[in-house]
Protein chains: 2
Amino acid sequence: MQNFTFFNPTKILFGRGRIADLAKEIPAGQRVLITYGGGSVVANGTLAEARAALSHAAVTEFGGIEPNPSFETLMGAVQLARETRSEFILAVGGGSVMDGTKFIAAAVPFPGEDPWDLVTRKAPVQAALPFGVVLTLPATGSEMNSGAVITRKSLGAKLAFGSPLLFPRFSVLDPTKTYTLPPRQIANGVVDAFVHTVEQYLTFPTYAPVQDQFSESLLRTLIDVGPITLREPLQYEARAAFVWAATLALNGLIGAGVPQDWATHMIGHELTAKFGLDHAQSLAVVLPAMLEERFEAKRDKLVQYAERVWNLREGDAETRAHQAIRQTRAFFESLGVKTRLTDYGIQASDIQGLVAALETHGMKALGEKKDVTLDVSRRVLERAL
Amino acid sequence: MQNFTFFNPTKILFGRGRIADLAKEIPAGQRVLITYGGGSVVANGTLAEARAALSHAAVTEFGGIEPNPSFETLMGAVQLARETRSEFILAVGGGSVMDGTKFIAAAVPFPGEDPWDLVTRKAPVQAALPFGVVLTLPATGSEMNSGAVITRKSLGAKLAFGSPLLFPRFSVLDPTKTYTLPPRQIANGVVDAFVHTVEQYLTFPTYAPVQDQFSESLLRTLIDVGPITLREPLQYEARAAFVWAATLALNGLIGAGVPQDWATHMIGHELTAKFGLDHAQSLAVVLPAMLEERFEAKRDKLVQYAERVWNLREGDAETRAHQAIRQTRAFFESLGVKTRLTDYGIQASDIQGLVAALETHGMKALGEKKDVTLDVSRRVLERAL
């Protein structure tokens, strides 16, 4: 086990009806800015429910935070929060709203001229408005971590930043508030949580039996409940297990003390930026190709993954490991998430541009051993055609 | 899954050399009270190492916190902390020092006359001095939870209390700082962590696949590394896995959203109070008998436990479940922890007094369904002879 620091102060309020707890979590009389995205939280009543629970507070609202939340949009919320002297922000939504809210929380008290400096890390996050979350989309784990990804359209930049000051004070995880999600978003969420786990697990063996087995627990849970919750969106138990697994997949716990990869995410980001793939689609395309391309480096963990996650015990170790990769791909496909570049209209001739984008963004040494060079990334993309 | 609230803000500093981080975690110039127990942290140098890391602070020390920390002893520390106007407490030790420090932290700012009211819950914990931990004994989980058990000798009382204000700000978990523990304490720690997990797992099925599999991960880890770390105390990897498993066994995570039992602990406490058994010894005696006595109520989970934890797949379900209980007992015995009342000189004629003590302490309806009556407890003790 490697040395690690683990810190996660987000209070989780899990289960049916927990939105009512907002009344206790946010002090009476506070000036609260509610942030949200498109109209779904309006249409399905979740926004109204949050508003009702905050009848004791002075509420302002800011809607319209888009997928891949943009600096340009978010600065409108920063201005509104400053004008209304908001003391607390409540994010009602999924990854984009949560990530955007983390930026708003850090930008409002930022004393410098340009809050974009927080995202580029030119300036440290030294203060943040407290904020909470009502989750409507299980996928990104942003509800229980301190990171965010922000896009600045005018610069064509999409950057990750974070700070220990940017953990949500609380997150309401009411599985029933995710019932109205379209199947595509559920399938994407399952893939997203699955790949988050794999990035922290499928590297090389260190002796970390707790972390390994926790990761395997999350992967098996996602394999079991993913298809059920996609097919039966109103089945509480499966949805609840999915929500909790997705949160734990990226709250820092399973990655504490073990090597981490994240090369699949980095390459996937370029697919989203250049061709507009959903984040999870990009991961579903890159991961199986990455595992095949880096088979030797990941062999020991792949064998463990085959046995413990996919219950493959027949044949030699190498055969089982390859079979596990095939089953991973088949799992994504079974959820309706395509796993080939060509499924999204991306051709061999597009690869050079993707590799160039990786180079531009400084992604020349990815992965748990920093040996995923641009050449390796190119071969991964070729395998993914 | 049941509704739950999960909150755990303790920062974990895990690994070799992390005591040096005290210099960063405790602000310069603070007045710090270091609390510790007997001489072991003096003898093995851990206290000196902590003191050295706090050269930037004004340190006072209070030693002599005994096993089953007593109100009488702890009030001496409360007085010292008040006299020295301590701003932070650093506990260097195991469960007793950590639990005692939680009491001190709550008692120092307590405005009432008698801080014992905090333990009896006559008065709520409304403030607490911040405190941190340097762990020297993996077992109780106190390093990452907000509960404590305090004894008042003059009243013959041993009571549990807690508060969300009583999480350690940080806990240094350096496995090498546990190397000098005697085998008995290591064996006890493994049993303690094992039974903590079982109390939150072996109840009745709710659909909570993440929690179930996390618990099974901890149990398998303890079964694997317990004997190794007992036999090879200087083997870092096994000790590290044990330390992390013991912490996660009682930090609130695996018990979130599932039924919990704790009847074994309640009966065990009487054995400790009346006959001086180590806490873990009392658990090792009671648990196998409890599982047999409540076989029907726990049948489904016992079958799952047999298959997933002990890998028992032959024979019918009932046979496997009984076999799992036998293997649990054998596991404790293999660590050198005896599992029969008579091993500790306790006879059938002592049982009436133990049941009377349970009655006196209001323990008439224990367990996950509150159906462990005094009669059931009596039968458990009879089975444990």
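**Reading the features**

Tutor: Let us begin with one residue: A:Phe204 is found in the loop between α7 and α8 of chain A. Helices and strands are DSSP runs, numbered from the N terminus (helices: H or I, at least four residues; strands: E, at least two). This is a predicted model, in which local features need pLDDT of at least 70 and side-chain atom pairs count only at pLDDT 80 or more, while totals for chains, interfaces and linings use all residues. Residues are numbered from 1 along each chain as its sequence is written, and chains are lettered from A and ligands numbered from 1 in the order in which they are written.

Student: Does A:Phe204 count as buried, exposed or partly exposed, and why?

Tutor: A residue is buried if 20 or more other C-beta atoms lie within 10 Å of its own, exposed if 12 or fewer, and partly exposed in between, with C-beta atoms placed from the backbone. A:Phe204 counts as partly exposed because it has 14 C-beta neighbours inside 10 Å.

Student: Which residues does A:Phe204 touch, not counting residues up to four places away in sequence?

Tutor: Two residues are in contact if their C-beta atoms, placed from the backbone, lie within 7 Å. With that exclusion of residues up to four places away in sequence, A:Phe204 touches A:Pro259, A:Asp300, A:Lys301 and A:Glu368.

Student: Where does B:Glu368 lie, and is B:Glu368 buried or exposed?

Tutor: B:Glu368 belongs to the loop between α14 (351–360) and α15 (374–383) of chain B. B:Glu368 has 21 C-beta neighbours inside 10 Å and therefore counts as buried. Not counting residues up to four places away in sequence, B:Glu368 touches B:Thr203, B:Phe204, B:Pro259, B:Gln260 and B:Asp261.

Student: How should I describe chain A as a whole?

Tutor: Chain A has 15 helices and nine strands. Its radius of gyration is 21 Å, close to the 21 Å that the globule rule gives for 385 residues, so chain A is as compact as a globular protein of that length. Here the radius is taken over C-alpha atoms, and the globule rule is 2.2 Å times the number of residues to the power 0.38. Buried residues make up 53% of the 385 residues in chain A.

Student: Into which domains is chain A divided?

Tutor: There are domain 1 (11–177) and domain 2 (183–383), with bounds that come from an automatic or database domain assignment. The contact between them takes 13 residues from domain 1 of chain A and 20 residues from domain 2 of chain A. Taken over C-alpha atoms, the centres of these two domains are separated by 27 Å.

Student: How is the length of a helix checked?

Tutor: The expected span is 1.5 Å times one less than the number of residues.

Student: Which residues of α4(A) are buried?

Tutor: An α-helix has 3.6 residues a turn, so residues three or four places apart point the same way. In α4(A), the buried residues are A:Phe71, A:Leu74, A:Ala77, A:Val78 and A:Ala81. They cover an arc of only 115° around the axis, which puts them on the same side of α4(A); the arc is that of the directions from the helix axis to the C-beta atoms. The face turned away from this buried side carries the exposed residues A:Glu72 and A:Glu83. Among the elements covering the buried residues of α4(A) are β3 (31–36), β4 (58–62) and α5 (95–107) of chain A. Just after α4(A), A:Arg85 takes a positive phi of about 45°.

Student: How does α7(A) read by the tests of length and burial?

Tutor: Helix α7 (residues 183–199) of chain A has 17 residues and reaches 24 Å from its first C-alpha to its last, close to the 24 Å expected. As 15 of the 17 residues of α7(A) are buried, the helix is largely enclosed by the rest of the structure.

Student: What is a nonpolar core?

Tutor: In soluble globular proteins, nonpolar side chains tend to be buried together. A nonpolar core is a set of buried Ala, Val, Leu, Ile, Met, Phe, Trp, Tyr and Cys residues joined through C-beta atoms within 7 Å. In this model the largest such core has 250 residues, and those with the most contacts inside it are A:Val191, A:Ala245, B:Val191 and B:Ala245.

Student: How many residues does each chain give to the contact between chain A and chain B?

Tutor: The contact takes 31 residues from chain A and 31 residues from chain B. On the side of chain A that touches chain B, the largest share, nine residues, comes from α8(A).
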